[in-house]
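Hello,

Here is the structure for you to look over. My notes follow below it.

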Amino acid sequence: MRHVVMGGASVVLWTASLCGLALAADPQAIDWSNIAPKSLTLFYPGESTYDWLVGLEHKGAKQIRQGKACISCHESDESDLGNTIVKGGRVEPTPIAGKNGVIAVAVQAAHDAEYLYFRFQWKTNLNREGRMHDYVRFDGKGWKWYGHDRNDKSVRAGQQPPLYEDRFSIMLDDGKVPRFAQQGCWLTCHNGMRDTRNQVVGDPVKKHPIFSEAKYDADIRKYLASTRTDVNASWDKTKTKDEIAKIKAAGGFLDLMQWRANRSGPVAMADDGYVLEYRNFDDGKNPFSWNLDRRTMTPLYMFDAAKVGARALRVEDIGNPAKPGAIIKEVNAVKYDPNAGWQVGDILPGRLLSRIDATSSAADNDAVFGSWKDSTYTLVWRRKLDTGHPGDDKIMKVGGTYTVAFAIHDDNVTTRFHHVSFPQSLGIGVDADIKAVTLK
Amino acid sequence: MSEPDKRPSDKGLIARVWSFVARPSARFSLGALIVAGGILGVMSWGAFNWSMELSNTETFCISCHEMRNTVYKELQETVHFTNRTGVRATCSDCHVPKEWHYKLVRKIQATNELFHKIIGTIDTPEKFEQQRLALANHVWESMKATNSRECRNCHSKESMDLAKQSRPAQRMHKLAAERGKTCIECHQGIAHNLPIGWNAPAAGQ
């Protein structure tokens, strides 16, 4: 059995045989000490949406519209930017007390004929893993949401605890998204999205001819300016479905993969999505789904007491590395029993994980191992150069140069309350900002 | 019988002109000749400089519509055209050297541009757009080769007070100085639109 250490506790995740990991393709088996790390400073961007960047308040608006790179004005500026913005001001109207402005990340990359491998290391702001997400608590009558991200009103008011998963995200492009190499993830961040200026939620979204489809949530998420018709790339000024489909067919989307400390990490995976007219998931099924009927707030699975020692967590278990943070269908779950004698304060994860249910392109990141020790995450990641899914993945080749951008959601935050990198070139065996060295 | 002397009309054109120029004047005094020569010289020099300056004017530069409707229009949107202090940089300020000998060379080069207009290489705004990237690259290369000489007609490192600049500008100017960069290496597109593909993204293929 393969054991993956999460937060100092050994949690049986999955067997090597089920993972299908041959030793050569195991990112944990690589001797990373021989690969020089690239130091990146990820910084807090606040509400510097694309709209803000091209607006009157931003001195470099003209350069942005011209397609110049962020670093043409902000090279080596990450620390100043992050430490200034995080305190609040014109691009951060709602600062979070105690938040850090920057996160230093050590990036290592390698490749063989089939896979690209990454290793990331960074320190967290909070002295524990953020492996809690969408938890529900029994209040004596029923199950209620318990905990939110730090920007949630109830958390800011002290009515709920900050509980939200940590994440590490990778955006990847092969040169087909105009200006991504210069302006990175800012191309995807717009007013109207969750937690931005003029946030749009509910009816206005669901009455939009495109976002009325069931596959879209009732809010706005990342999208590319190329899918909109106006200069500011407004959320509702979409091109037609046909036009957007043509952009996708031509490869004009961004690959977006997220390792999630609660929703994918416990099954050694990262999710796989793409950004185009919205932040979409790839075809197939993700490793996570809901563990409750959200209409009736009834859980679907509970912990298998025979394996975990209890049917549910208690508040004091949160943050205890010896306790599981997630319910995994094939590992530690049994069907929910409403008559199991639930006590006030019992807690169940609102998400259900399954590695074996994950399928197709959504399951491409199938060997992503995160561990947290002494306030430092170490995350190793593998991805096929050619996933076989060109419809929603970027296909890489040995000798090719691509563009990547990274983001970290640290200390119980979501949406824009993250830290981001400027775009970096990634060379598969060739020189670039980040060179994936060729494994012998 | 001896050969008769050749009459002037039998000489070649050059020889006749030389003979006229070299023959001492029997009609005009030396003083009159010097004065007339001086006046003619000044007039010629003036005419030459007048034509040089005329071809340096904005009116002259935008007399062809592929300039007027494209780069000139773009210039009007920039700080080099309208600004707080009322100082304007026009076409020749950035594209024609001030020093006489460099200016002369540039003017001679410009005749090539006129030639290409006449033969139709670039005689419409559409053709200009097609060539914009190559033209811009050419300008950037020549500016880089001269250490952005024309920028420095107005801007100088010595008179630049970094403390009065924005924080990013201060840092970037320091970095540029450390790396020996010249103005145009960072300020492409400061007065005109950048051509499509001016800094092609990392290509994965």
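**Where the chains meet**

In this predicted model, 21 residues of chain A are in contact with 16 residues of chain B (contact: C-beta atoms, placed from the backbone, within 7 Å). On the side of chain A that touches chain B, the elements giving two or more residues are helix H4 (71-74), helix H7 (180-183) and strand S22 (401-409) of chain A. Helices (H or I, at least four residues) and strands (E, at least two) are DSSP runs, numbered from the N terminus. By class, that side of chain A has 5 nonpolar, 11 polar and 5 charged residues. Nonpolar means Ala, Val, Leu, Ile, Met, Phe, Trp, Tyr, Cys and Pro; charged means Asp, Glu, Lys and Arg; the others, Gly among them, are polar.

**Chain A**

Chain A has 10 helices and 25 strands. Its C-alpha trace spans about 65 × 55 × 45 Å along the principal axes. Buried residues make up 47% of its 440 residues (buried: 20 or more other C-beta atoms within 10 Å of the residue's own, placed from the backbone; exposed: 12 or fewer; partly exposed: in between).

**Confidence**

The predictor gives the complex an ipTM of 0.77 and a pTM of 0.87. Chain B averages a pLDDT (the predictor's confidence in each residue, from 0 to 100) of 87, and 92% of the residues score at least 70. Over residues 201-205 of chain B the pLDDT is below 50. That stretch still has 21 contacts beyond near neighbours in sequence.

**Conventions**

Residues are numbered from 1 along each chain as its sequence is written, chains are lettered from A and ligands numbered from 1 in the order in which they are written. Local features need pLDDT of at least 70, side-chain atom pairs count only at pLDDT 80 or more, and totals for chains, interfaces and linings use all residues.

Best wishes

Definitions and conventions
Contact = placed C-beta atoms within 7 Å.
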